[in-house]
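Biologist: I would like to go through the terms used for this model and see what each rests on. Please set each value against its cut-off.

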Amino acid sequence: LISASLIALISEVGKRNSVMGGVLASIPLTSFLAFIWMYTENKNVKPIIDLSKDIFWLVIPSLIFFIIFPILLKKGINFYFAMLSSTVVMIIFYYGMMELLKK
């Protein structure tokens with residue numbers, strides 16, 4: 001219910017003001033909730049610190065999606081194909097970042 005409400009809110013705000021929609025969509029609500037639940041369960045901040053660092057490094061490859069997707073759409077590529085292609089490239093970048101983090 002919360003997720004559906006947030007998606008609807010972001011969609012409606014984004015139709016009227018793309019910057020505000022972007023701000024709402026970029027807030028790491030899932031991370032906030034995970035941190036709160038992890039802390040509530042055991043009051044141990046070490047796993048939260050580790051998760052926070054991993055999230056930071058893994059956000060970087062996710063950004064490639066937001067670079068490639070609008071470029072493909074501007075070139076007239078079909079919406080679904082552009083989304084699929086951007087997602088595949090993002091997954092490749094995730095894999096690369098995970099390999100880099102292992103080292």
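Modeller: To begin with a crossing, α3 passes α4 in a right-handed manner. A crossing is right-handed if the near helix is turned clockwise from the far one by less than a right angle, and left-handed if anticlockwise. As for the source, this is a predicted model, in which local features need pLDDT of at least 70 and side-chain atom pairs count only at pLDDT 80 or more, while totals for chains, interfaces and linings use all residues. Residues are numbered from 1 along each chain as its sequence is written, and side-chain values use heavy atoms, with hydrogens and water left out.

Biologist: What makes α3 roughly antiparallel to α4?

Modeller: Helix α3 (residues 29-42) and helix α4 (residues 46-74) pack at an angle of about 165°, with their axes 10 Å apart. Angles over 145 degrees count as roughly antiparallel (under 35 roughly parallel, 65 to 115 roughly perpendicular, the rest oblique), so α3 is roughly antiparallel to α4. The axes are lines fitted to C-alpha atoms, for helices over the stretch in contact, and angles run from 0 to 180 degrees between N-to-C directions. The helices themselves are DSSP runs (H or I, at least four residues), numbered from the N terminus.

Biologist: Which residues make the contact of α3 with α4?

Modeller: S31, A34, F35, M38 and Y39 of α3 and P47, I48, L51, S52 and I55 of α4 make it, contact meaning heavy atoms within 4.5 Å. They divide into eight nonpolar, two polar and no charged. Here Ala, Val, Leu, Ile, Met, Phe, Trp, Tyr, Cys and Pro count as nonpolar, Asp, Glu, Lys and Arg as charged, and the others, Gly among them, as polar.

Biologist: Why is α1 called roughly antiparallel to α2?

Modeller: The axes of helix α1 (residues 2-16) and helix α2 (residues 18-26) come within 6 Å and cross at roughly 155°. That angle makes α1 roughly antiparallel to α2. L9, I10, V13, G14 and R16 in α1 meet S18, M20, G21, L24 and A25 in α2. This contact has six nonpolar, three polar and one charged residue.

Biologist: Why is the pair of F79 and Y80 called edge-to-face?

Modeller: Rings of Phe, Tyr and Trp (its six-membered ring) pair if their centres lie within 6.5 Å; planes over 60 degrees apart count as edge-to-face, under 30 as stacked and the rest as tilted. The ring centres of F79 and Y80 are 5.1 Å apart and their planes are at 85°, so the pair is edge-to-face. F65 and F66 are also an edge-to-face pair, with 5.2 Å centre to centre and 80° between the planes. F65, F66, F69, F79 and Y80 form one aromatic cluster.

Biologist: How do you know whether F65 is buried or exposed?

Modeller: Buried means under 20% relative accessible area, exposed over 50%, and partly exposed in between (1.4 Å probe, protein chains only). F65 has 12%, so F65 is buried, whereas F66 at 58% counts as exposed. F79 at 39% is partly exposed, and Y80 at 64% is exposed.

Biologist: What makes M90 count as buried?

Modeller: Its relative accessible area is 15%, so M90 is buried. M90 lies in helix α5 (residues 79-102). Leaving aside neighbours within four places in sequence, M90 is in contact with P61, S62, I64 and F65. S62, in helix α4, is buried at 13%.

Notes:
Helices (H or I, at least four residues) and strands (E, at least two) are DSSP runs, numbered from the N terminus.
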